[in-house]
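This briefing covers one protein chain. The points below are grouped by topic and are meant to be read alongside the structure.

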Amino acid sequence: MESTPRIWVLLGWRRGDNNQLLALAEALGLPFETRTLSYRRSWALLLNLLPKRPHLLTRRARHSFEPPWPNLVIGIGRRSVAVSRWIRKRSGKHTKIVRLGNPRAENRLFDLVITTAQYPVAHDENVLVLPIALGRHGKPPKPTDAESKLLDSLPRPHLLAALGGPTRYWRLPEDRLVNYLKVLAQREKSTGGTLSVIGSPRTPASAFEAVRASGVACHVILDREVRYPILLADADENFVTADSVSMISEAVMTGNPVGLIPVELDSEGRQKLGIEGVSSSRRDIRKFWANLDRLGLAGTVDRPLCNPIEDPVRMAADAVKRLLSQRVP
C-alpha cells in the first residue's frame, strides 16, 4: 500500500455485529472511521426498489456520507449492502467492499466476503470461510477482588455451562437441559471440582427455575456476580448450548476443551430446515457444528475437545490487507 487507505466501518444496532466489524477493523492496524446506520421504517420496500441507493437510511444517517470517499468499506447484514454499493458508485468504483456474515446477495457484488459455515454462501474465490465467528477475543479483564475471591473458593477443576436460549428454528427443552447438567454434575462429583452455570440475555428465567428445582449440584452464577469473560477464561472446561455461534466461538478461543449441549429443532425448524441433512438455502447452524467436529474444535458433554486454531480475526485481517494491496482496475 503506497499510502494509508481510508476505511469506513458501517455500524448498526446489533451489538454482536458491531463487535465483529470493530474486531476486524482494529486488527488491520490502520486508521478507520465509523458510520452508524439508522434505517427508515420503510427500509424493506426501499431496499427492494432501490438496491444501490442509501434511501433506506434516515436523513440524518445519509448526511454522514460525503467525500472524500473511502478506499474500503466494511459492513455486515443485508441492509447495509445497498449503502456499500452506493458508496462504491459515488467513489467512481474505487471503493472496495468487504462483507461479513451472510449478505444475502451475490458474491460478485463484493470484493471479499468473510463468513462462517452456517450461512448459505457459495464458496467462490472472493469468499473466506472462517472456522469460528469473529469477535474481540483479547485478554479478559482483570478480575475484581470479589470475583477472584469467589472463584478461588470453588474447588477445581472448574466446569462452566453457558446457556443461550430459544432462537429461530431451535429450542432446548428444560428437561433435556437438566439431564445434560446432571451428566456434568456427575463428572464434577467424580473429580471433586465445581460446575458453574451462567445464562445470557436470551436465557428464559424458567430455565434457571428448572435447574434449581431439579437439585442438580451446581453453582448458579448470578447476574454480574462474576463477569462472563472472566468465567470463560477461568474455566478448565467450557460447555455451551449449541444455539449460539458467538458463545461457542468465544469458548473455542480460550484454548480449553469445549463441549456442546445439544439443542433440537422446533416445529418451524423441522418444516424449514428438515430433520435430516442440512439446508443449502437457509442459515443452518448444523453446518457450523459439522465444521467444528471436522476440525476437532468442540466435542460433546461426555467428551469435550480442543485443538489449536488460528485466530479468525487475524485470518480475516490478512485477507483484507491482501485486498487493499491490489490495485483498482
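In this predicted model, the buried residues of H9 are Val-245, Met-247, Ile-248, Ser-249, Ala-251 and Val-252. That makes six of the eight residues of the helix, so H9 is largely enclosed by the rest of the structure. The elements against which these buried residues pack are S7, H8, strand S11 (237-241), S12 and H11.

**Largest nonpolar core**

- The largest nonpolar core has 34 residues, and those touching the most other members are Trp-170, Ile-248, Leu-260, Phe-288, Trp-289 and Leu-292.
- Two or more residues each come from helix H5 (145-153), strand S7 (158-162), helix H8 (228-234), helix H9 (245-252), strand S12 (258-261) and helix H11 (285-295).
- The biggest contribution to this core is that of H9, at five residues.
- Leaving aside residues up to four places away in sequence, Leu-292 touches Pro-131, Ile-132, Ile-248, Leu-260, Leu-297 and Ala-298.

**Second core**

- A separate second core holds 27 residues, including Leu-22, Leu-24, Val-313 and Leu-323.
- In soluble globular proteins, nonpolar side chains tend to be buried together.

**Overall fold and dimensions**

- Twelve helices and 14 strands make up the secondary structure of the protein.
- With a radius of gyration of 22 Å, close to the 20 Å that the globule rule gives for 329 residues, the protein is as compact as a globular protein of that length.
- The C-alpha trace spans about 65 × 45 × 35 Å along its principal axes.
- Of the contacts in the protein with a separation of 6 or more, 65% are between residues 24 or more positions apart.

- Of the 329 residues, 50% are buried.
- The protein has an accessible surface of about 16900 Å², and carbon and sulfur atoms account for 49% of this area.

**Arg-62**

- Arg-62 lies in helix H3 (residues 59-62).
- The relative accessible area of Arg-62 is 24%, so this residue counts as partly exposed.
- Ser-38 is 24 residues from Arg-62 along the chain, and the C-alpha atoms of the two are separated by 8.9 Å.

Definitions and conventions:
Residues are numbered from 1 along each chain as its sequence is written. This is a predicted model: local features need pLDDT of at least 70, side-chain atom pairs count only at pLDDT 80 or more; totals for chains, interfaces and linings use all residues. Side-chain values use heavy atoms; hydrogens and water are left out. A nonpolar core is a set of buried Ala, Val, Leu, Ile, Met, Phe, Trp, Tyr and Cys residues joined through side-chain atoms within 4.5 Å. Buried means under 20% relative accessible area, exposed over 50%, partly exposed in between (1.4 Å probe, protein chains only). Helices (H or I, at least four residues) and strands (E, at least two) are DSSP runs, numbered from the N terminus. Contact means heavy atoms within 4.5 Å. The radius of gyration is taken over C-alpha atoms; the globule rule is 2.2 Å times the number of residues to the power 0.38. Accessible areas come from the Shrake-Rupley method with a 1.4 Å probe; for residues, only the protein chains shown count as cover.
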